[in-house]
Amino acid sequence: MQLKYYIGIDGGGTKTRFKLTGNAGNTVRETVLGPSNPNDIGVERTIETLRSGIRTVLDEIPAETVYAYAGIAGAASGRNRDAVCACMQEFGFAGS
């Protein structure tokens, strides 16, 4: 069986937590960066935070073996949604 990974991203107005787990739910890597709510910091800074955190936890793990979920405060509307979705799609996660 091919090893699969899961990345969860919880972003808000004060911090953004990135957690990568393996098949069994074991934590592989995690990091916490600054805010990611685009309504507070702008969509460009949100994208920078997401890219940085994702790259940090993935390190050398191929994105195509990773299933991703991101819950980002303020990212569900208009241009914010489009930009965050495009950022996540850049990585080529499994199932995208």
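Modeller: A pocket here is an open set of grid points with protein on both sides within 12 Å along at least five of seven lines. The model is predicted.

Biologist: How much space lies in the largest pocket?

Modeller: About 260 Å³. Its lining has 13 residues, and Tyr69, Ala70, Val84, Cys85 and Met88 are the closest to its centre.

Biologist: What makes a residue part of that lining?

Modeller: A lining residue has an atom within 4 Å of a point of the pocket. Helix H3 (78-90) and S4 each supply at least two such residues, and H3 gives the most, with five.

Biologist: How do the residues of the lining divide into nonpolar, polar and charged?

Modeller: Ten are nonpolar, two polar and one charged.

Biologist: Why are strand S1 and strand S2 said to pair?

Modeller: Pairing needs at least two bridges. S1 (residues 5-11) and S2 (residues 16-21) have six, in the antiparallel sense, so the two strands count as paired. In one of these bridges, aspartate 10 has arginine 17 in S2 as its partner.

Biologist: What makes S3 and S4 edge strands?

Modeller: Strand S3 (27-33) and strand S4 (66-72) each pair on one side only. The order of the open sheet is S3-S2-S1-S4, with mixed pairing, and the twist averages 10° from one strand to the next.

Biologist: How do you know that helix H2 touches the sheet?

Modeller: Contact means heavy atoms within 4.5 Å. Helix H2 (residues 43-58) touches S1, S2, S3 and S4, so H2 has heavy atoms within that cut-off of each of these strands. The direction of H2 makes about 155° with that of S3.

Technical notes:
Residues are numbered from 1 along each chain as its sequence is written. This is a predicted model: local features need pLDDT of at least 70, side-chain atom pairs count only at pLDDT 80 or more; totals for chains, interfaces and linings use all residues. Side-chain values use heavy atoms; hydrogens and water are left out. Helices (H or I, at least four residues) and strands (E, at least two) are DSSP runs, numbered from the N terminus. Axes are lines fitted to C-alpha atoms, for helices over the stretch in contact, and angles run from 0 to 180 degrees between N-to-C directions. On a 1 Å grid over the protein atoms alone, a cavity is a set of points where a 1.4 Å probe fits but cannot get out, and a pocket is an open set with protein on both sides within 12 Å along at least five of seven lines; lining residues have an atom within 4 Å of a point. Grid points are joined across faces, edges and corners, and a volume is the space filled by probe spheres set on the points. Ala, Val, Leu, Ile, Met, Phe, Trp, Tyr, Cys and Pro count as nonpolar, Asp, Glu, Lys and Arg as charged, and the others, Gly among them, as polar.
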